[in-house]
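This briefing covers chain contacts, domains and strand pairing. Please keep the structure open while reading.

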Amino acid sequence: MTRYVARRLAFAAFLVIAVSSASLVLARLAPGDFVSQSGSTQVSRAVLDQERARFGLDKSIAAQYRDWLAAAVRFDFGYSMQYGRPVRDLIPERAANTAMLAVTALVLATLIGLPLGVITGSRSGGALPGVIRAASVVLLSMPPLLTSLFLVFVAARTGWLPISGMRSATVPAGGALLDLLRHLVVPAAAIGLPLAAMLERLQSQAMREVIDEPFVLATLARGVPRSRIVWRGALKAALRPVASVYGLIIGTLLSGSFAVEVITAWLGLGSLMLQALRTRDIYLVAGCAGAGALFLACGTLVSDLALAAVDPRAREMPAEQA
Amino acid sequence: MGQLLTRHTRRLAFSVAIALICSGLGAACRSNTSSESAAPAAATRAIPRGGELLVSVRSEPRSFNRHASRDSTTNLVSNLTQSRLVVVNQVTQAVEPSLAERWTTADEGRRVTMTLRRDVVFSDGHPFTADDVLFSFEAAYDEKGGSLLAEAVEAGGKKLQVAVTDPYTVVITFPAPFAPGIRILDNLPIFPRHHLDAALKAGTIAKAWGLDTPPSEIVGLGPFVVSQYVPGQRIVFSRNPHYFAKAPDGGALPYLDRLVMEIIPDQSAKLLRLESGQLDMMTSEVSPDAYAPLKRAADEGRVTLLDLGVSRNADGLWFNLKPGALGSDPRAAWLQRDELRLAISMAVDRKVFADTVFLGAGVPVYGPETPANKNWYWSGQPRTPHDPAAAKTLLASIGLTDRGDGVLKDARSQPVRFTLLTQKGRPNLERAAAVIRDELKKIGVTVDVVALDSGAVINAFLTARYDAVYFNADKTDLDPGTNPDYWFSSGSAHVWNLEEKTPATEWERRIDELMTRQIASPDPAERKRLYDEVQKIFSEHLPMIYFVAPRIYVAHSTRVTNLTPAEYRPQLLWRPATVAVIH
Amino acid sequence: MTRGLGLALVTLALLSATAAPVAAPHAVDAHFAGLLNAPPTVPHVADAAGAWHAPFIYRWQLANQLEQRYDEDRSTRVPLAWFSGGHVVRSSDEAAAPLLLLGADSYGRDVFTRLLFGARTSLGLAVTAALAAMLVGTLLGGVAGFAGGVLDDVLMRAADFVMVLPAMYVALALRAVLPLVLTAPQVFALLAAIFAVVGAPFVARGVRAIVRSERRLDYAVAAQALGASDARLLVRHLLPSARGFIAVQITLLIPAFIIAEATLSYVGLGFPDPVASWGTMLQEASGNIRVFADFPWLLSPAAAMFLVVLGVNLVLQNSRPERLRDDRGAGVKSVL
């Protein structure tokens, strides 16, 4: 087992380097660069070229990549051209914000999605499963842009919640933590509700299959109450496919959803990546891609480990492979 | 057995429904009650002092240093924290004293002796002298420093000579007669030598005062100082107690205690905040889509909506006129011809354009100046009639004919077709490109609109790899002499053919000559005549086709007062020291 | 029955998509200059006085251009024209009073027409891409889960790499390399390929997990003992157990792809105008702050997507896994 985990971690490291490198090169290939973005058209070519030299953008792609790689192995990921700060400092800050959002959204999604999925999966007819299913499909059909816009709109109309941002300019009565939590509601809901819908669908399907298993009928015949069967026995068995995607979800969430972050002005990794892409801030682009890759790689690792924990049949036993 | 779970879930559903209904009722009640009374008090003569103003910007500044970047947020930050020698009053267009108290001109305006204010100190208490003025020029002109402001304070492409005769007198000598004169000094923030001298000597002046600078190190002569910067979220400015300007009643300026600049990238979130009172003003104009909800809010007394008249700038369509840029492409025979552009100007119905892009709130324009530029707009500007038939005839004269199937073809029977680039994510540009495409289809010209992100578009025309672009080429100052980059064929903003070594066409050579005379001439009437002539030549060759200039609307909350709105970004904050809030 | 409802919805979607040129009252690029963001023209059968007529509509008159407010012109009835000019139904006065069943968008184009034509583009693309993703993903996941060992590792790590590479960067770089002007079929093929590649890893992971655990079950061991070849075991016995998962994945991928098409159009890899697609229609609608309060008809693509995905959902989820070919499944369900 430890060898397996070590192998996966090594691969994760490789993945991070590969993705960062690919992103750096891709960003260089994209038309335009940071300098051409910065000025209005009223700046002469000579000055622009000078700026390019200052940022090291006049080197060839190969030379720039080589220099970046050489620095990266010493954990120096370059400077952001826009912010003037090391990429190494910028990313953890934003990643922490995204993590906050991700965890909240995931908790919300789990608390809503899984139980609802159990309900719709364990009953064949009735109004309630139909309504839940319809609500799930609505949430799945809406682009995240629209969902977050709608929630911001509702927040504005009702006036209960701040419309965007992470913190208020002046700390209100109740303290900074409460202020942060209030700002967290809209973006967490924008991410969490569609996620809940997805979990509900997956869980529902898994439940449906488990209910058909013979052991369920047997347990029922023994006189165990229905609710216990559904909520204890069948649920545990049905967690398998959900567990297999859980880590994946975590990984995706941690790389940030840029649509939600931009609209709600939540300073996370997603909006940083989009901003970096727009301004062609290539070292930051590489850094963000690498961070995203790291989270996803860890996410899949967690996912596979969770799967092994939940379903012993899926445990890796390399010696037995035929 | 089955009933147990059903009852559970039913109860759950019931309570959820109750909760939803209650929240819905609450929402309805909340939106019915008017927000906190924002009706302004009856006009009082005394302007309220103190209070906090909440403004929004679309993106983070790239620097706190105007030499490093010219994006709009950096400009605004510079406006708030730095001062200049003189200020152009954007309403009257007159040059007003700022750090320079008065000045005299000699030698036909080529030598300007400026007397500086005395007893002025920087925000850190250090005294301001003429040496700081000299330093500021040095910072702009330093070749190693890489300042983006260098060309903005040059006259005819040459540096000004700056001499200090005593601690409060500066003598500025223009290398050649320069009619706009000291107007260009509105572009130069006066920097403290005692803080940035080291950076200048190291050749890193443009790197100074980047975003990682602690706020206390950003020292200036402006009405505000940076007190807090939360990256990505907001910049907080507090009043500079050492600000030199005084209110008409002798009291200190600025009126505001604090100015909070929130970074809100999303337009919708910005509008919702403004409507609900969580924001006092946006630093950009109201888009046509947002007009109706703001009008509703204005009718209900929650915001004030201002009509600032016609814009000074309009977006335009231009073709790649660089000789040889199309290589062996057979379309080169007609794609760079004047007749094509003249035909396009006739074919596009400007009323449909104004209706679709600006919802009717726009004025047709036919040249580089709009009627908003009262001093320089050529009243004889010919208004190209909307005449698709004449357009087709004109195109036939260069060999592009319709053989009856409604599609124009050239001499080799290839359809007349070109690609129009524009920027993705800007509705004004995208809609305009769509209108152009639809209108030109009616005369048989096929246009492929490709919307790319801004980096790609700018790159395309910087590298001259495009057919046509629809974009903006905004000017900042209204005096055409301050835009040599656009007018001169060697200019870096001569967008249809950047930085020509020699003028590629006779008319461009003529414009170069006229503009040279225009910039140097001391006689305002002569300058106007020359510039009218330039506009006439422009309209005969249309290197850039202008269609409609929008009307500019801005909105602010009703607690803001004592504003001097002008059609100049930022429309409500170009003079920040005198803005006040009722609190 | 729910399955019937699902089939009905899917059939309706397919029908509208194929019959779009006939069912839609206008051409896909027709636009009406004075009717930007106009509300739907509701067909009436009774006029103000209460008298009955053949279905008709009222004309919209612009009340305030900047506010985009319209008033109904109740003075004249504009009857509908049926089966004329190659369309099922149109207004009898198309120039002045066009039939706008779902209103008009910000360019004055009929939303209903664009919805029908958009069904072709979006559904066609999403379904093609989802099927392709399913095929590739199932194959890769099945092989990985079955073989195990090095092959499993290699395939899953390759899947990880694909999942992790930000699609936006790839799209932006692709945009730089490809010619500026792409025809609609070219864009279709390109997007379908991109989506299939991007979607396959998710399917692969889930299928792999299922196959791995199923592989050790009695029936699989038995089949192998009876001499079934690897391929037969995989395809006939193991993969069908992943059916349910795959079905759910398809219902998740289809809306995701429709939306992703709009996101990619943001970096310039979208369908050229005037091709309509649900994703871009929603994207345009999201840009307008007034959409929720004043122009809700612009959100009809979301409603359409909801109906389609619901239909697919209902159809797929009501088919049982056939592993236990007896009635026990149904019996348990009915008891519970």
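Domain bounds, as used here, come from an automatic or database domain assignment. On that basis, the centres of domain 1 of chain C and domain 2 of chain C, taken over C-alpha atoms, are separated by 42 Å. The model is predicted. The points below are grouped by topic.

**Domains of chain C**

- The assignment for chain C gives domain 1 as 41–99 and domain 2 as 112–335.

**Contacts between chains A and C**

- Chain A has 56 residues in contact with 47 residues of chain C.
- On the side of chain A that touches chain C, the elements that give two or more residues are α1 (2–29), α6 (127–141), α7 (144–158), α8 (175–211), α9 (214–221), α10 (226–254), α12 (269–279) and α13 (282–310) of chain A.
- The element that gives the most to this side is α1(A), with 9 residues.
- By residue class, the side of chain A that touches chain C consists of 40 nonpolar, 9 polar and 7 charged residues.

**Contacts between chains C and B**

- Chain C has 19 residues in contact with 25 residues of chain B.
- The side of chain C that touches chain B is made up of 11 nonpolar, 5 polar and 3 charged residues.

**Parallel strands in chain B**

- Strand β17 (residues 417–423) of chain B pairs with strand β18 (residues 446–452) of chain B in the parallel sense, over 7 bridges.
- Within β18(B), Ala451(B) is the residue opposite Thr422(B).
- Between β17(B) and β18(B) the chain passes through helix α11 (residues 427–442) of chain B, and this β-α-β crossover is right-handed.
- β17(B) also pairs with strand β19 (residues 468–471) of chain B, in the parallel sense and over 2 bridges.
- Leu421(B) stands opposite Val469(B), which lies in β19(B).

**Antiparallel sheet in chain C**

- Chain C holds an open sheet of 4 strands in the order β1-β2-β3-β4, with antiparallel pairing.
- Its edge strands, each pairing on one side only, are β1 (44–46) and β4 (87–91) of chain C.
- From one strand to the next, the twist averages 45 degrees.
- Strand β3 (residues 69–84) of chain C and β4(C) are joined in the antiparallel sense over 4 bridges.
- Leu80(C) has Ser91(C), in β4(C), as its bridge partner.

Terms used: Residues numbered from 1 in each chain as written. Chains lettered and ligands numbered in written order. Predicted model: local features only at pLDDT ≥ 70, side-chain atom pairs only at ≥ 80, totals over all residues. Contact = placed C-beta atoms within 7 Å. Nonpolar A, V, L, I, M, F, W, Y, C, P; charged D, E, K, R; others polar. Pairing = 2+ DSSP bridges. Right-handed = clockwise from strand over helix to strand, strands pointing away. Axes fitted to C-alpha atoms, helices over the stretch in contact; angles between N-to-C directions.
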